[in-house]
Amino acid sequence: MRVAALLFLTGCSSSLLIRAGDPVFRDAQAGLIRTAARIEAAPEAERALFMQAEGFYRYRFEFPRRSFGVHLAQIAAVTVELPALQALAGSLDLVDLRLKMSDAAVQLWETLLLEHPGTTLRPLTLYRLGWAYRSVGVSGFPRESGDEAFDVVAREQPGTPLAALALDAKRSPWKSKDTATGWSILPGLGQMYVGEYANGGARLAIALAAMAMIITPIAVAYSRRDDLSWGRDWPLLATGLGGLIVLSIDYTLAYQDVMRGVVQFNERAESAFASAHPDGP
């Protein structure tokens with residue numbers, strides 16, 4: 001039975017391979033090639049570390065639609081909370097890895113600056129960090145935000161085109177995973193924070209309906225507290241438990257989705273900035 005379920009879910013999942021002709025992936029490859037040519041004269045060790053980070057930074061492709069099998073596995077994992085189901089849900093696509101590319105890039109670029117403080121790649125590294133920090137999801141890095149990196153570029157490279165570019169980039173719109181997480185205390189508000197109002201409204205409606213399924217039976221049971229019986233009133237308990245399950249699923253899926261929304265918002269903003277500044281690195 002377990003093997004059959006696994007095969008069913010896997011069969012319903014979409015391919016893990018990047019779709020042929022993916023425009024996001026094509027642009028990422030073009031950016032990687034341009035960067036490799038730009039830093040060709042740097043010392044080998046510094047160049048290698050920079051390109052390791054650049055590879056993560058350019059790990060981009062169109063976000064795939066999660067298949068029915070993936071959604072079913074996620075719902076089962078949230079409902080039952082078995083580690084095996086949670087592992088299965090995470091193994092059916094690469095969205096989670098896609099969302100963490102900035103964390104890996106920041107880690108490696110900050111390591112480059114630590115190990116090679118006098119590197120000729122420092123201005124470009126700081127400029128990249130300015131963008132990459134916007135989509136990080138972990139704490140503990142040397143900077144609080146990408147704005148700090150942009151400010152260092154402007155301070156250390158006064159009067160240069162890169163300094164002017166960094167100050168312009170600092171003014172471009174962006175969204176924070178931490179802020180999105182805070183808004184997601186109520187499912188749907190995080191999606192609204194990143195501008196996805198229809199998506200957020202649907203998730204918020206589900207959350208409110210689930211809360212009503214929880215609160216209403218409690219209120220009814222309290223009003224009839226002296227006359228409750230299991231044979232007659234078990235639907236109250238079933239309705240409340242159903243509401244708890246739906247709310248738990250809504251919370252989990254909304255949180256996962258808003259992390260995608262933050263990354264997509266920031267990537268669109270960066271892409272628009274790059275189109276407006278074609279001579280930028």
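Reader: Which helix gives the most to the lining of the largest pocket?
Author: That's α2, with nine residues. Before we go on: this is a predicted model, where local features need pLDDT of at least 70, side-chain atom pairs count only at pLDDT 80 or more, and totals for chains, interfaces and linings use all residues. Residues are numbered from 1 along each chain as its sequence is written, and side-chain values use heavy atoms, with hydrogens and water left out.

Reader: What do you call a helix, and what's a pocket?
Author: Helices (H or I, at least four residues) and strands (E, at least two) are DSSP runs, numbered from the N terminus. The grid has 1 Å spacing over the protein atoms alone. A pocket is an open set of points with protein on both sides within 12 Å along at least five of seven lines. A cavity is a set of points where a 1.4 Å probe fits but cannot get out. Lining residues have an atom within 4 Å of a point.

Reader: How much space lies in the largest pocket?
Author: About 790 Å³. Grid points are joined across faces, edges and corners, and the volume is the space filled by probe spheres set on the points.

Reader: Which residues lie nearest its centre?
Author: Asp27, Arg58, Arg60, Ser271 and Ala274, out of 31 lining residues. The elements that each supply at least two residues to that lining are α2 (23-38), α8 (122-132) and α14.

Reader: And cavities? How many of 30 Å³ or more?
Author: One, from a search of the whole structure. About 70 Å³ of space lies in that largest cavity. α7 (101-115), α8 and α14 each give two or more residues to its lining.

Reader: Is glutamate 54 buried or exposed?
Author: Glutamate 54 counts as buried because its relative accessibility is 0%. Arginine 58 is buried too, at 16%. Cut-offs: buried is under 20% relative accessible area, exposed is over 50%, partly exposed is in between (1.4 Å probe, protein chains only).

Reader: Which glutamate does arginine 260 pair with?
Author: Glutamate 196, at 2.6 Å, N to O. The pair links distant parts of the chain, 64 residues apart: arginine 260 sits in helix α14, glutamate 196 in the loop between α12 and α13 (197-223). Arginine 260 counts as buried, at 13%. Glutamate 196 is buried as well, at 18%.

Reader: What about arginine 171: buried or exposed?
Author: Arginine 171 counts as exposed, because its relative accessibility is 63%. Arginine 171 forms a salt bridge with aspartate 168, with the closest N and O atoms 2.4 Å apart. Aspartate 168 is partly exposed, at 30%.

Reader: Switching to the surface. Which residues make the nonpolar patch?
Author: Trp230, Trp234, Leu237, Leu241 and Leu244, covering about 580 Å². Patch members have over 30% relative accessible area and no salt bridge; like charges are joined within 9 Å, and nonpolar side chains (Val, Leu, Ile, Met, Phe, Trp, Tyr) within 5 Å. Areas come from the Shrake-Rupley method with a 1.4 Å probe; for residues, only the protein chains shown count as cover.

Reader: Where is tryptophan 230 found?
Author: In helix α14 (residues 230-276). Tryptophan 230 is exposed, at 62% relative accessible area.

Reader: One more residue. What does serine 184 contact?
Author: Gly190, Tyr251 and Val258, leaving aside neighbours within four places in sequence. Contact means heavy atoms within 4.5 Å. Serine 184 is in the loop between α11 (177-183) and α12 (189-193), and is buried at 9%.

Reader: Last one, the overall fold. How many helices and strands?
Author: 14 helices and zero strands. Of the 281 residues, 42% count as buried.

Notes: A salt bridge is a side-chain nitrogen of Lys or Arg within 4 Å of a carboxyl oxygen of Asp or Glu.
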